[in-house]
Amino acid sequence: MTILRHEIRQGRIPLMIWTAAIVFLMGICILIYPEMAKQMGEISEAFGNMGGFSAAFGMDRINFGEFTGFFGVECGNILGLGGAFFAALLGISALSKEEKEHTAEFLLTHPVCRGSVIAQKLTAVLVQISILNGAAVGVTALTTLMIGESPDKKLLGLMFLAYFCMQAETAAVCFGISAFLGSGGPGLGLGLAAVFYFLNIVANLTEKAGFLKYITPFGYTDSADIIANGRIEPEYLGVGLAVLLGGIAVGFWKYGRKDIVF
């Protein structure tokens with residue numbers, strides 16, 4: 001567990017910065033909801049009639065004037081996109097940074113097998129993602145109490161679960177890619193997360209592009225679908241979990257056979 005503790009300790013500053021930024025923005029959005037709710041009827045109608053823009057973010061299928069709909073659009077995008085970027089950065093650097101920082105010789109000459117190294121690094125990634133989402137849940141619970149709202153706990157729980165799975169899948173895909181890299185690729189990770197996000201927007205714009213929801217992990221985080229159906233779409237989630245396991249498997253396979261450049 002030494003590597004796991006080291007990875008978490010080494011990443012504590014970025015974790016604190018990303019977590020603080022995301023939960024701060026989420027908290028602010030929730031705290032201003034009561035003021036916005038006074039005019040939300042007109043705002044909801046206006047957003048619902050903005051054509052492609054409304055469809056892209058699901059605002060034509062939910063009531064933006066209700067807290068759950070407001071949370072799904074505003075806070076969901078903050079946690080979704082911000083969390084995906086953070087997860088991508090964690091995953092893409094997990095296995096490649098040892099060569100980039102020239103610490104592979106020190107790490108791999110210790111009496112620990114590569115499989116254990118990979119497993120502990122992957123666990124560290126998932127732990128940090130869990131901490132981020134746990135903080136988001138805590139701030140959401142606190143701020144909703146402060147404004148006196150009682151949202152549907154099941155729907156909020158499904159949204160948080162969907163975002164956690166999306167972030168884990170994004171991290172796993174980048175984790176697998178990381179095994180092929182000889183140096184850190186933060187730009188590649190961020191770019192991949194952005195592509196996933198925009199693929200979901202395109203899928204919402206037209207039914208002809210609906211198949212893209214099977215490709216992007218954002219396909220099962222769509223708050224409009226979760227609110228309308230009271231569940232995470234199982235077909236999209238199933239594909240996402242398969243991709244998650246595939247990314248992890250690729251990472252173990254490639255890094256276990258890789259010639260490390262010291």
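**Exercise 1.** Describe how α1 and helix α9 (residues 114–146) pack, and state which residues make the contact.

*Solution.* In this predicted model, local features need pLDDT of at least 70, side-chain atom pairs count only at pLDDT 80 or more, and totals for chains, interfaces and linings use all residues. Residues are numbered from 1 along each chain as its sequence is written, and side-chain values use heavy atoms, with hydrogens and water left out.

Step 1: α1 and α9 pack at an angle of about 40°, and their axes lie 8 Å apart. Step 2: that angle makes α1 oblique to α9, given that angles under 35 degrees count as roughly parallel, over 145 as roughly antiparallel, 65 to 115 as roughly perpendicular and the rest as oblique. Step 3: the contact (heavy atoms within 4.5 Å) is made by Thr2, Ile3, Leu4, Glu7 and Ile8 of α1 together with Val117, Gln120, Lys121, Thr123, Ala124, Val127 and Gln128 of α9.

**Exercise 2.** Determine which residues of helix α1 (residues 2–10) are buried and where they sit around the axis.

*Solution.* Step 1: the buried residues of α1 are Ile3, Leu4 and Glu7, where buried means under 20% relative accessible area, exposed over 50%, and partly exposed in between (1.4 Å probe, protein chains only). Step 2: these residues cover an arc of only 105° around the axis, which puts them on the same side of α1. Step 3: Thr2 and Arg5, on the other side of α1, are exposed.

**Exercise 3.** Characterise the packing of helix α6 (residues 67–94) against helix α10 (residues 153–178).

*Solution.* Step 1: α6 and α10 pack at an angle of about 20°, with their axes 8 Å apart. Step 2: α6 is therefore roughly parallel to α10.

Terms used
Axes fitted to C-alpha atoms, helices over the stretch in contact; angles between N-to-C directions. Helix = DSSP H or I, 4+ residues; strand = E, 2+ residues; numbered from the N terminus. Arc of directions from axis to C-beta.
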